[in-house]
Amino acid sequence: MRRIRKQLRRINSKMILIGAVAIMLLLISGISYWVFILRTEDATKTITIAVMHNDYVKNYNTNYYTQWLEDKSGYNIQFEYVMNGYEEEYLNTMLISENSGIDAVFINNKDKILTEDKIKSLGRQGLIVDISDYITEDSNYYRISKQYKMNGIAKQIASDEAVYFFPNMDTTRKSQNFQIMWMNEGWLKNLGLQIPRTTDELVRVLEAFKQNDPNRNGKQDELPMISCEENYYLQSYNFLLNAFIYNDPLNGRVFLDENGKLVYAFQENNFREGLSYCNALYKNNLLSNSCFYYSEKQLRELVNDPKDLVGCFTSKSISDVIYSNCPDILANYIQVPPLVGPDGQQYAVKVDSEPKIGGYIPGNSKHKKEAFEIMDLMLSSEASLVAEFGEKGIDWTYSESGDLSTYGTQATITTIQYLSDKMQNKNFAGSGPLVLDKNIANGVTWNGNYSLVEYIDARAVRTYESFYRKEEGAQNTISLANDNRNKYIDNMILNFIKGDIRISDNRQWENYLDEVRNYYE
Amino acid sequence: MSKKNRIIIAGILLVMTTLSITGCVAHGNAGSENEEMKDWLKTAELQDHYSAEELYQKALKEDTLVVYSVSSRAFDAKETFEKEYPGLTVDVRDIRGDDIIKTVLSNYENNDYSCDLIICSDCDGSLYKELLEPGLAYSYIPWDISNHLRENDEEQGMVFLGEAMMLIYNDKLFKTQPIQNIWEMTEKKFKGKIIMASPLSSFSTYGFCATVIAESEIMKQSYEEYFGEAMIIPEGKQAGEIFWEMVSPNIVFTNSSDEVMEGVGSFENTDYWLGVMISSKLRYRELGYHLTPIYNLEPFAAVYTPNSVSIAGGSQNINSAKLFIRYLLGETDGKGEGILPFTTLGTWSAREDVADGDIVPLSQLDVKYLNKKFIYENRQNIIEFWETILKENVTQ
């Protein structure tokens with residue numbers, strides 16, 4: 001018995017020892033586990049980005065670019081989708097919420113939900129983060145603000161002003177061309193007409209479009225020329241005015257002449273003649289008013305209508321108005337070079353590439369620094385290649401010397417598979433902060449598809465570039481953009497064209513000039 | 001190693017080898033040897049005697065006809081075809097020739113038979129060698145039209161449209177043709193005044209450039225005629241290559257004949273005097289472009305690059321495809337609307353009973369025909385030659 005008790009005691013003490021060791025081990029492993037968890041959580045913070053659903057992006061969360069950004073930044077990235085059509089409501093709610101869980105926003109600003117003015121106002125209220133403190137001299141943001149003419153942003157950074165958004169900027173030659181006129185080639189062929197070269201020829205073509213049933217449906221349903229107030233480049237009268245005087249609405253219709261003198265185009269006689277010409281087109285229903293107040297989307301529906309209703313329109317890119325997946329409609333429109341006016345004026349307008357809002361950080365983000373790091377990374381040269389072309393070696397490669405770009409110059413990038421016109425999972429289809437080096441952006445090879453909008457645009461831009469003024473515009477000379485004077489002039493142009501105020505009436509014209517002059521004083 | 005083990009290993013190796021060989025064969029199998037394609041061929045009835053109406057009725061049970069075409073005029077044909085045959089739809093993909101062949105090959109590798117019809121010229125012999133000969137594409141010659149066809153060359157495919165790569169000039173800048181001998185283009189005054197698509201970007205231009213090399217003997221003669229001296233040709237070189245080396249610094253290279261048409265023909269143009277362009281773009285004269293072709297030149301002014309139409313092997317919409325071919329040929333009597341987009345300036349009819357689109361008959365042109373054997377066999381050399389030329393001469 002005693003031996004048994006002794007043995008039991010021995011076993012007990014062993015058990016206690018083992019138990020103690022086990023407890024120790026458990027404690028150690030438990031602590032290590034929590035330390036590991038905490039460390040891991042710290043190293044892989046999750047950044048949540050609000051995005052719009054995009055038909056060309058299969059899945060943001062499994063996207064190659066997302067994974068690339070995660071690898072490079074060391075953060076997890078997840079996306080929250082915003083329903084199309086509810087962007088504004090979403091933003092209003094998200095920005096004022098105490099804890100939205102959103103760290104960055106890449107909302108496509110096509111419908112002008114967030115203007116630069118509005119974002120500044122939200123920034124001043126603290127609803128959007130001022131990122132100027134994060135922009136250091138070694139940041140990508142700083143580098144590109146120096147590299148490109150991002151007037152506003154560069155100044156803001158230089159003068160320590162608040163900066164509220166990351167840029168998304170098109171650096172191609174086509175983005176510098178203000179607008180292009182496209183004409184229905186099928187209608188020209190059906191009626192045996194030539195592409196008009198002058199303002200007079202244009203009138204004859206538009207009259208034939210109106211009267212001779214070029215869409216061959218037996219109805220007089222043709223709209224010879226359309227115009228839309230949604231955007232300057234959709235206003236076809238801006239194109240027409242350039243046959244009378246240099247007309248750059250983005251720079252207040254002010255330019256420097258060859259002697260360096262400032263010319264206010266909107267008060268010149270040639271401008272008045274141009275308005276008179278447009279008014280005549282309007283009166284005769286050659287410049288149709290039916291879509292003046294359409295949205296860009298509605299305008300697109302009209303031009304893409306299989307009933308073939310539109311004779312000509314203007315746009316910046318043909319894809320602003322014609323769906324890029326409609327090759328037959330794309331093939332039906334041909335570029336019209338800038339028209340020659342009665343005095344031989346013939347201009348195309350070169351504009352500065354201005355950045356759009358690519359992304360910003362909501363004031364309630366819990367990971368502001370990390371969100372900045374990710375978006376700044378997106379502005380790096382390496383990221384912009386992924387953002388534009390996808391995966392190197394699979395979707396694109398650097399060009400061999402001798403390859404041609406869509407602009408006919410030495411190519412820099414050869415696309416193995418073009419991503420821009422199909423659903424893919426390689427990048428965000430242009431959403432988010434993105435500034436591609438202009439030598440790269442203009443050096444992309446053509447993929448052999450005649451309906452590729454980049455190719456159609458590039459061909460038209462090459463024609464238009466010959467008609468740019470040699471003198472630079474009058475930018476920065478006076479405050480030009482979106483001020484009250486411009487709004488007044490824009491309204492008056494429309495009034496004169498529509499005949500609400502008679503352009504032939506000298507008294508009305510003088511009143512207009514007086515009013516315009518008041519804005520200088 | 002025991003005898004038993006050796007036998008097992010030998011057996012495994014044998015199985016692996018067999019598998020890899022069959023795998024290779026399956027991968028590189030020509031269309032006509034592929035079982036799936038053999039089955040398709042049996043049902044395709046490429047020698048049928050159906051009328052248009054019979055084909056239409058069959059086509060109504062099919063899906064959208066997919067056409068890969070080098071010509072944007074296929075869109076015009078599509079539009080009227082869909083009106084003529086209600087219920088049928090056509091999806092035209094306007095793609096460069098070289099890319100059509102690559103896409104069809106890639107489709108085949110991936111068992112993708114979505115393409116039904118191929119409209120393309122055979123400028124380097126690859127349409128025949130890579131699609132027609134291996135059985136990845138087939139000619140379909142409508143039984144009641146075959147007697148009217150001018151060309152019936154198996155290697156061309158079913159030619160439905162005669163075109164040529166031609167020299168053209170801006171007739172606003174020049175009232176008469178600015179050159180009489182092709183070597184004149186090498187003169188300094190033409191620097192930056194000639195525009196031509198890169199032959200590595202444009203299939204038809206490749207045909208033209210390669211023909212200049214293939215025709216080196218007459219190129220040499222015309223050199224001597226123009227310069228009045230014997231041409232010294234370094235060993236390993238050809239007269240045609242020397243021509244391109246001399247003329248390329250004068251050329252602005254671009255992507256396609258469309259850009260040549262816009263460059264030379266535009267009303268405002270003063271930059272480009274001469275261009276090398278596919279003749280069918282001369283139809284843009286009707287829209288006001290100032291383009292005039294050079295019909296006669298020493299030693300030749302044009303290279304004939306006809307367009308053919310072929311049915312892609314495995315086509316799932318075979319009856320629609322056949323009907324569309326008939327339509328492109330203008331139906332039985334050649335008077336159908338489908339032929340109209342293809343009877344414009346710079347085109348020559350494939351049918352004896354349909355007038356040419358151009359005002360000058362092909363027989364009156366100084367035209368050369370593609371030496372496809374030479375071009376195909378020397379393809380790699382020609383490509384390498386052009387890569388070097390383009391490296392030195394593409395606009396930076």
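Student: In this predicted model, at roughly what angle do the axes of helix 7 of chain B and helix 9 of chain B cross?
Tutor: Helix 7 spans residues 203-214 and helix 9 spans residues 239-247. Their axes come within 6 Å. The crossing angle is roughly 130 degrees.

Student: Is helix 7 of chain B parallel, perpendicular or oblique to helix 9 of chain B?
Tutor: Perpendicular covers 65 to 115 degrees, and antiparallel needs over 145. The crossing is at roughly 130 degrees. That makes the pair oblique.

Student: Which residues of helix 9 of chain B make the contact?
Tutor: Helix 7 of chain B contributes Cys209(B), Val212(B), Ile213(B) and Ala214(B). The contact residues divide into six nonpolar, one polar and one charged. From helix 9 of chain B come Gly240(B), Glu241(B), Phe243(B) and Trp244(B).

Student: How many residues of helix 11 of chain B are buried?
Tutor: This helix covers residues 318-328. Its buried residues include Lys322(B) and Arg326(B), along with Phe324(B) and Leu328(B). The helix is largely enclosed by the rest of the structure, because the buried count is 11 of the 11.

Student: Which residue just after helix 11 of chain B takes a positive phi?
Tutor: The phi is about 80 degrees. The residue is Gly330(B).

Student: Which residues have the most contacts inside the largest nonpolar core?
Tutor: That core has 131 residues. Leu117(B), one of those with the most contacts, touches Ala321(B) and Phe324(B), among others. A second, separate core has 122 residues, including Ile107(A) and Ile168(B). In the largest core, the residues asked for are Trp182(A), Val104(B), Leu117(B), Ile118(B), Phe324(B) and Leu328(B).

Methods: Residues numbered from 1 in each chain as written. Chains lettered and ligands numbered in written order. Predicted model: local features only at pLDDT ≥ 70, side-chain atom pairs only at ≥ 80, totals over all residues. Axes fitted to C-alpha atoms, helices over the stretch in contact; angles between N-to-C directions. Helix = DSSP H or I, 4+ residues; strand = E, 2+ residues; numbered from the N terminus. Parallel < 35°, antiparallel > 145°, perpendicular 65-115°, else oblique. Contact = placed C-beta atoms within 7 Å. Nonpolar A, V, L, I, M, F, W, Y, C, P; charged D, E, K, R; others polar. Buried ≥ 20, exposed ≤ 12 C-beta atoms within 10 Å, placed from the backbone. Core = buried A, V, L, I, M, F, W, Y, C linked by C-beta atoms within 7 Å. Lists of a residue's contacts leave out its neighbours within four places in sequence.
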